Amino acid sequence: MWSPSARFSALALLAIVAPATIVAVLGYVSIRQWEVSSELLYREQARDMAAMAAEKVEMTLRRAEDDFLDRLQAALRTEGSPGRAVDAVLAGSPLIRRLYLVGPRGELLYPRAWKESDAALFGPLVSEPALRKVERSGKRVVIAENQICLARLTERGGEPIVVAFLRDGDTLRREILETTLGALESPTIIAVLDREGRTVYSRAPIGDAQRVLSVQFRDTLPDWRLAVYQTPGASPRQAVQRQVMFFTGALGVLVAVIVAGIVTTWRLMRRETEMARLKSDFVANVSHDLKTPLSVIRMFGETLEMGRVTDEGRRQEYYRVITREGERLTRLIDNVLDFSRIEGGRQTYRMTLTSVEPLVRGTLETFAYPLAQQGFKVEVSVAPDLPEVAMDADAVGQALANLIDNAIKYSADDRALTVDARVVDGQLVIAVTDRGLGIAPEEQAKIFEKFYRVGRSDTQGRRGSGVGLALVRHIAEAHGGDVTVESAPGEGSRFSLRLPLGRS
Ligand code: ADP
C-alpha cells in the first residue's frame, strides 16, 4: 500500500507531467506550423520584392532610353545638318554604345558606314521583317539578347526612320542596375542573370548563398532574370529550425528533469516503503532477540533455584549459560542503544592509545563458550610488533564482537573462525574470516545499511536486528577508517575493519 506522502508525490508528478506533455506537444505542433507559414510568407515577400525591383529596373531603363530617343528625335528634326546634332546626342548618352539610323528602304543614313562587324550584327535586324515589327508596334523593340534595340522615329520630312542601337553593358550595370537595385533595403542578395544564367550584376558576392527564386524581366530586358539569393544561415526556415532545435533541446531537458523527478520520487517511495518494512522487522527481531536469552536465563535460573541439579559440573555449566546469555543480552542492548545514539547524532567516542592484542583476545574470549560448544576451529593471529593505536576501545571491541557474532551466526557445517590483526598500508587491519554461508555480490554493499538483512531463507532461524554491520561501519568511519567484505556464497566471508594508525 502507498503511504500518503507517496500518493501525494505521485499526484504531484502527474500534475506536472500531464500539463508539461500537453505544453510540449502544443509547442511542437505550433512551431512546425510556424516553420511552414514563415517559409511561405518569406517566399511571398521575396517574390513581391523581386517583381518590384524588376519593374523598377525596367522603368528606369525605359525612361533613360525614351529620353535618349526623344533627344534623338529632336536632333533629327533640326535644320541644317542633323548628323552633327545626332553626334551631340550620342556623346551625351553613355548608355548607347553604337547607333545606326536606317531609312525605310534599308539604306544606312547614319553614320556613313557600318563600324567593324556591325554590318553583320545589325544588317539582318534592320531587314524587312524586323522593320515591319517595329512599324507595327509603333515603339521600340528589344532584340538580340537585350543589347540591341530598334525604334521608329521620323525624319524632318515625316519619312519614317529606323533607329538601331546597342546598349553599353558597363553603363547599364552602373547607371541602371546599380542605382536601382543597390538602393533597395533588403537583407537578401539581388542579382541580375542573363539568358545563360551568368551573373550580369549582383549587389554582393553570391558565394555559397542559395537562390530563393527568380523572376523574368518583361519587354525591356527579355530573357534576363532577376534572382534573389539568401546568405547561408539567414533564411527564415533556418532561423525557425534553430528555434525548433532550441525548443527540442529545452523539451529534452524538461523531459529529462521530469523523468529524473519520477525516478527519484519512485525510488524515495520504494525506499520509504522498504524502510517501513525493515523498521517493523527490526522491532520484531529485537524483541525476539531479547526474548530468547531471557527465557534461557529464566529456565536455567529456575532449574537451579529449585535445587534439582545436584551435579556440580552441570551446575557450573548452567551458570555459564546464564552468564553467556547475559552477555549476549548486554551486547544486543548495547547495539540497539548505540544505534539509537548514532541515529540521534548523540554518539561520542573517547580515543585512547590501546594495544591491539589484548583487545582482540579479550573480545574473542567472550565468545569462548559458544565457539567451543559449537565446535568451532578458532585461529587468532596478531602481528607481534603492532603499535598501540588511538581508538575508542569499547567501540572497536563492540565492532569486533559484532563481526565475530556474525561469523558464528552465519556459519554452516564448516565451522572455522580466524581473527587476524596486522598493519597493511599504514592501517591497522583486523579481519574476521569464516567459512560459512557467504554473501552474494549484489548484497555485499547493502548489508552495511541499517536494518538490512539478506533474504529471509539464509537468515531464517538466525537471530539478528540488522543493525550490527551498520554499527560496525559507523564505528570504523568515526575512527577515520572503514569496513569491507570479501565473500562468496557457500565459501565464507572475510570482514576487514581498517583503522588508521594515527600520527605514529
Ligand atoms: P544481523 O543482526 O542480521 O546479523 P548485521 O547488520 O550484523 O545484522 O548483518 C546484516 C546481514 O548481513 C545479516 O542479516 C546477514 O545476512 C549478512 N551477514 C553478516 N555477516 C555475515 C557473515 N559473516 N556471513 C554471511 N552473512 C553475513
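This is a predicted model: local features need pLDDT of at least 70, side-chain atom pairs count only at pLDDT 80 or more; totals for chains, interfaces and linings use all residues.
Let me start with K409, which, once its neighbours within four places in sequence are set aside, is in contact with R328, R462, R463 and G464, where contact means heavy atoms within 4.5 Å. K409 is buried and yet has no salt bridge, the nearest side chain of opposite charge being D405 at 4.3 Å. By buried I mean under 20% relative accessible area, with exposed being over 50% and partly exposed in between, using a 1.4 Å probe and protein chains only. A salt bridge is a side-chain nitrogen of Lys or Arg within 4 Å of a carboxyl oxygen of Asp or Glu, and for charge, Lys and Arg count as positive and Asp and Glu as negative, while His and the chain ends are not counted.

Residues are numbered from 1 along each chain as its sequence is written, and side-chain values use heavy atoms, with hydrogens and water left out.

Staying with α10, let me turn to its packing. Two packed helices are described by the angle between their axes and the distance between the axes. Helix α10, residues 393-409, packs with helix α12, residues 468-478, at an angle of about 145 degrees, and their axes are 9 Å apart; the axes are lines fitted to C-alpha atoms, for helices over the stretch in contact, and the angles run from 0 to 180 degrees between N-to-C directions. The crossing of α10 past α12 is left-handed, a term used if the near helix is turned anticlockwise from the far one by less than a right angle, clockwise being right-handed. On the α10 side the residues that meet α12 are A395, V396, Q398, A399, N402, L403 and N406, and on the α12 side they are G468, L469, L471, V472 and I475. The residues of this contact divide into eight nonpolar, four polar and no charged, where Ala, Val, Leu, Ile, Met, Phe, Trp, Tyr, Cys and Pro count as nonpolar, Asp, Glu, Lys and Arg as charged, and the others, Gly among them, as polar.

Within α12 itself, the buried residues include G468, L469, A470, L471, V472, I475 and A476, and what covers the buried residues of this helix includes α7 (312-343), α10, β15 (482-488) and β16. Just after α12, G480 takes a positive phi of about 80 degrees.

Now to the salt bridges, of which the structure holds 23. One of them joins the side chains of D168 and R97, at 3.2 Å from N to O. D168 lies in the loop between β5 (160-167) and α5 (169-181) and R97 in strand β1 (residues 96-102), so this pair ties together parts that are 71 residues apart in sequence. D168 is buried at 16% relative accessibility, whereas R97, at 46%, is partly exposed.

D420 forms a salt bridge with R422, the closest N and O atoms being 3.2 Å apart, and D420 also pairs with R494, where the closest N and O atoms are 3.5 Å apart. R494 lies in strand β16 (residues 492-500) and D420 in strand β13, so the second pair ties together parts that are 74 residues apart in sequence. D420 is buried, with a relative accessible area of 9%, while R422 is partly exposed at 35%.

Finally, some backbone details in the loops. Which peptide bond is cis, with omega near -20 degrees? The bond from Y110 to P111 is, and P111 lies in the loop between β2 (108-110) and α3 (118-122). D223, although not a glycine, has a positive phi of about 80 degrees; D223 sits in the loop between β8 (210-216) and β9 (225-230) and is partly exposed at 31% relative accessibility. D425, also a residue other than glycine, has a positive phi near 50 degrees, in the loop between β13 (416-424) and β14 (427-434), and D425 is exposed, with a relative accessible area of 75%.

Note on methods. Helices (H or I, at least four residues) and strands (E, at least two) are DSSP runs, numbered from the N terminus.
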